[in-house]
Amino acid sequence: MKFLIVFVALFAVALAAPAGQEAQILRSESDVGPESFKYDWETSDGQAAQAQGQLNNAGSEHESLAVQGSYRFVGDDGVTYEVKYIADENGFQPQGAHLPVAPEA
């Protein structure tokens, strides 16, 4: 499960890369255990991601994965976008200066 989340995140960033440019890996670290994971990477084209996750209630019917992290990329408009997020039993909760915010109820 954890490997799948990391793989999907890396795959999504790879698809977002502009064609014809080859980025160099500047930093890449990961630590994957049975009940937690952590990764951090950065490329020369301005992309980066980091996350850490913890398995909660292991072995129970209420088992869940809580992840906290961020990613950034340079858009087609030349602007660097960054998203910080929490993903847990309450869903995916992104925050970023470019993301719309719901009005107060």
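## Charged partners and a nonpolar core

Modeller: Let's start with Arg72, which has a relative accessible area of 28% and counts as partly exposed. Bear in mind that this is a predicted model.

Biologist: What makes Arg72 partly exposed rather than buried or exposed?

Modeller: Buried needs under 20% and exposed needs over 50%. Arg72 comes out at 28%, so it falls in between.

Biologist: How do you know that Arg72 and Glu42 form a salt bridge?

Modeller: Their closest N and O atoms are 2.8 Å apart. The cut-off is 4 Å, so the pair qualifies. Arg72 sits in strand β4 and Glu42 in strand β2, 30 residues apart.

Biologist: What makes Arg27, Asp40, Glu42 and Arg72 one network?

Modeller: Shared partners in their salt bridges join them up. Arg27 pairs with Glu42, and the closest N and O atoms there are 2.8 Å apart. Arg27 lies in strand β1 and Glu42 in strand β2, so this pair ties together parts 15 residues apart in sequence. Asp40 also forms a salt bridge with Arg27, again with closest N and O atoms 2.8 Å apart. That one links strand β2, where Asp40 is, to Arg27 in strand β1 (residues 25-32), 13 residues away. By this rule there are three salt bridges.

Biologist: Why are Asp40 and Arg27 called partly exposed?

Modeller: Same test, two more values. Asp40 has 24% relative accessible area, and Arg27 has 29%. Each value lies between the 20% and 50% limits, so both residues get that label.

Biologist: Now the nonpolar side. Which residues make up the largest nonpolar core?

Modeller: Eight of them: Phe37, Tyr39, Trp41, Ala49, Ala51, Leu65, Val67 and Tyr85.

Key. Residues numbered from 1 in each chain as written. Predicted model: local features only at pLDDT ≥ 70, side-chain atom pairs only at ≥ 80, totals over all residues. Heavy atoms only, no water. Core = buried A, V, L, I, M, F, W, Y, C linked by side-chain atoms within 4.5 Å. Buried < 20%, exposed > 50% of the residue type's maximum accessible area, 1.4 Å probe, protein only. Salt bridge = Lys/Arg side-chain N within 4 Å of Asp/Glu carboxyl O. Helix = DSSP H or I, 4+ residues; strand = E, 2+ residues; numbered from the N terminus.
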